[in-house]
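Open the model in your viewer and keep the selection panel at hand. The tour goes from one selection to the next.

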Amino acid sequence: LGELMKSIKTPFTFVGGKVSATKDVSTIINQKVENVLNTQKLERILNPGYGSTIAALINEIPDELMLVDAKIDALMDLEDGIKNATILDMWFDASSITSSDPTLNVYITYRLPLGVVQRSNIKIAVPGLITEDTIV
């Protein structure tokens, strides 16, 4: 499996004139989760179904109902967008959103083929909390 998977490592860095890459399966899956959740549907012209509707959460501070709906949609989006892992669960930590750190924590539990359960954490910006006063 590791030999079959190779990915450009993000954020992009150059090592010896080449873009750095990784064969670490966990790193690759974490990057794929982040790519799916941070890409809006219809954003990729040749693959309009790729991505997630979770980006809609950034338009306002999410309430519990919005988070439940987003979880259901995002789980389906991840199932379609990630082929080398099984997404087991996903949850949001809206309590992490503050004016000094306007980000929503997204936690994902997944299993690699023949592997152990792993956990990924990404942050999504919530611009509704970004004001002139919060920008340093």
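**Stop 1: the aromatic pair**

Select Tyr107: this residue is buried, with a relative accessible area of 15%. Keep in mind that you are looking at a predicted model.

Trp91 is partly exposed, at a relative accessible area of 29%. A search of the whole structure turns up 1 aromatic pair. The ring centres of Trp91 and Tyr107 are 5.7 Å apart and the planes sit at 20°, so the pair counts as stacked. Colour by secondary structure next.

**Stop 2: the core**

Which residues touch the most other members of the largest nonpolar core? Select Leu37, Leu78, Met90, Val106 and Ile108: these are the ones, in a core of 24 residues. Then show the elements that give two or more residues to this core: α1 (25–38), α2 (64–81), β5 (86–93), β6 (103–111) and β7 (117–125). Helix α1 gives the most, with 5 residues.

Centre on Ile108. Ignore its neighbours within four places in sequence. What is Ile108 in contact with? Its contacts are Val33, Leu37, Leu78, Ile87, Asp89, Met90, Gln118, Arg119 and Ser120. Keep Asp89 from that list of contacts selected.

**Stop 3: the salt bridges**

Side chains of opposite charge can pair when their charged atoms come close. How many salt bridges does the structure hold? There are 2.

Check accessibility at both ends. Asp89 is partly exposed, with a relative accessible area of 30%. Lys71 is partly exposed too, at 28%.

Move on to Asp77 and Lys41. Their side chains meet in a salt bridge, N to O at 3.1 Å. Asp77 lies in helix α2, while Lys41 lies in the loop between α1 and α2, so this bridge ties together parts that are 36 residues apart in sequence. Colour these two by accessibility as well. Asp77 is buried, with a relative accessible area of 7%, whereas Lys41 is partly exposed at 30% relative accessibility.

Methods
Residues are numbered from 1 along each chain as its sequence is written. This is a predicted model: local features need pLDDT of at least 70, side-chain atom pairs count only at pLDDT 80 or more; totals for chains, interfaces and linings use all residues. Side-chain values use heavy atoms; hydrogens and water are left out. A nonpolar core is a set of buried Ala, Val, Leu, Ile, Met, Phe, Trp, Tyr and Cys residues joined through side-chain atoms within 4.5 Å. Buried means under 20% relative accessible area, exposed over 50%, partly exposed in between (1.4 Å probe, protein chains only). Helices (H or I, at least four residues) and strands (E, at least two) are DSSP runs, numbered from the N terminus. Contact means heavy atoms within 4.5 Å. A salt bridge is a side-chain nitrogen of Lys or Arg within 4 Å of a carboxyl oxygen of Asp or Glu. Rings of Phe, Tyr and Trp (its six-membered ring) pair if their centres lie within 6.5 Å; planes under 30 degrees apart count as stacked, over 60 as edge-to-face and the rest as tilted.
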